[in-house]
Amino acid sequence: MYFNEEHNALRQTVRRVVDTEINPNMDAWEETTAPLHDLFEKMGDLGLLGICYDPEVGGQGLDYWFDTVFLEEIGHIHGVGVQGAIADQTHMATPALHEFGSEYLKEAFLRPAVAGEMVAAIAVTEPGAGSDVAAMRTRATKDGNGYIINGTKTFITNGVQADFVVVLARSSHAPGYHSFSLFVVPKELPGFSVSRELDKLGWRSSDTAELFFDDVRVPEENRIGTEGEGFIYQMRQFQHERFAAIPMSYVGARDVIDMTVEHIRQRVVFGKPLSRKQVLRHRIADWLTEIECLKQLTYHIVRMKNKGMDVTREVSMGKLLAGQMLRRITDGCLQMFGGMGFMNESLITRYYRDVRAASIAGGADEIMRDVIAKMEGL
Ligand SMILES: Cc1cc2nc3c(=O)[nH]c(=O)nc-3n(C[C@H](O)[C@H](O)[C@H](O)COP(=O)(O)OP(=O)(O)OC[C@H]3O[C@@H](n4cnc5c(N)ncnc54)[C@H](O)[C@@H]3O)c2cc1C
């Protein structure tokens, strides 16, 4: 109903990459983390890293239905780590560059990111400031025709492998939200370092870093857009990140259910396959109903996005629901696996670890509720 032959062609391309280049490697990458330069080069060659971006920078210039197809197929990756690493490149670290970056920044950083020649990361969170972004302490102090950046960023996806990091820093002492700027910081700048690679509960196929900025001199031309508007740009950028989480979540939830149905069909308990137990069948029917509702909300958001409407309210609702639903369904499915669901040889254990972050990363559930409540005038 929503997708035509062109969408289906893109779907087949992404599916082929997931089935041949990603999923066969996922067990190994859970041990070593995925080699992003290698993977992104392959995806860039197929035009998959800039589906909605301007052809001028190597993108495909397609609408958000194509983007949704891409995200739905990425959701079939057997591990949220690589899903997150890819979405970081396409929906987290580069949208502001595309929307507000100068010609120079687009040529030097966005074009190579879309081509898969450079790995990108976005650095907002700090040890003392996560949900409360405005509490950040990283400073960009004006110095001649550039800025000196000092501070620490943490939980940065792709931070170890990134060639450049988009950094949000306070660039003036003025109160309010117009005192932050977004900068592109290439990793080779003196004073920039990956101070720690973090060990995580899940997302083990992706790297997550703590980054240290020690008097990093960044030329003025590396500032994205207008000075002081970085916070506003980042809030817009978050909408892309949060949207990306929704299709990946409902597809992932469906995959977990399919995996579980396969198990309960062959698992005989009290003389019958578990799938014959009405209580389990009804539980699964409830989950499938919720997944369909979230999918329809997503398609509603896509229609709004294609019309250029503000989707902050709907994306916040979708992200909140996606995280909660994915966690609940994965937990319930693991229960249906019994003891096998607790053994690492079962793929469901990876999903169980990975999906916990869905209610934290990219804005925690509580923050989504705050946004929704505010927009509803509460
Ligand atoms: C896997 C993973 C990948 C990530 N990748 C990146 C990345 O690439 N770049 C980046 O910049 N960051 C990244 N993050 C960081 C992420 O965005 C933050 O963890 C998140 O925003 C929450 O911030 P915090 O961890 O500081 O928690 P805190 O802000 O300390 O919050 C702790 C808890 O308190 C709750 N809370 C906060 N405020 C309120 C309130 N007003 N009312 C009620 N409850 C509240 C929160 O919801 C949360 O549950 C990543 C995190 C994870 C887990």
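How do the residues of the shell around the ligand divide into nonpolar, polar and charged, and what are the counts? In this predicted model, the shell consists of 11 nonpolar, five polar and two charged residues.

In total, 18 residues surround the ligand, and the closest are T125, S131, F155, T157 and E366. Several secondary-structure elements contribute to this shell: the strands β1 (120–123) and β3 (146–157) and the helix α12 (365–375) each supply at least two of its residues.

A polar side-chain atom of T125 is placed 2.7 Å from a nitrogen atom of the ligand. For S131, a polar side-chain atom lies 2.7 Å from an oxygen atom of the ligand. At G130, a polar backbone atom is found 3.5 Å from an oxygen atom of the ligand. On its own, the ligand has 970 Å² of accessible area, of which the protein covers 64%.

A further feature concerns the protein surface. M340, F342 and M343 form a nonpolar patch there, and together these residues have about 330 Å² of accessible area.

Key:
Residues are numbered from 1 along each chain as its sequence is written. This is a predicted model: local features need pLDDT of at least 70, side-chain atom pairs count only at pLDDT 80 or more; totals for chains, interfaces and linings use all residues. Side-chain values use heavy atoms; hydrogens and water are left out. Patches are made of residues with over 30% relative accessible area and no salt bridge: like charges are joined within 9 Å, nonpolar side chains (Val, Leu, Ile, Met, Phe, Trp, Tyr) within 5 Å. Accessible areas come from the Shrake-Rupley method with a 1.4 Å probe; for residues, only the protein chains shown count as cover. A salt bridge is a side-chain nitrogen of Lys or Arg within 4 Å of a carboxyl oxygen of Asp or Glu. A residue is near a molecule or strand if one of its heavy atoms lies within 4 Å of it. A polar contact is a pair of N or O atoms within 3.5 Å; within protein, one must be able to donate a hydrogen and the other to accept it, and residues adjacent in sequence count only if both atoms are side-chain atoms. Helices (H or I, at least four residues) and strands (E, at least two) are DSSP runs, numbered from the N terminus. Ala, Val, Leu, Ile, Met, Phe, Trp, Tyr, Cys and Pro count as nonpolar, Asp, Glu, Lys and Arg as charged, and the others, Gly among them, as polar.
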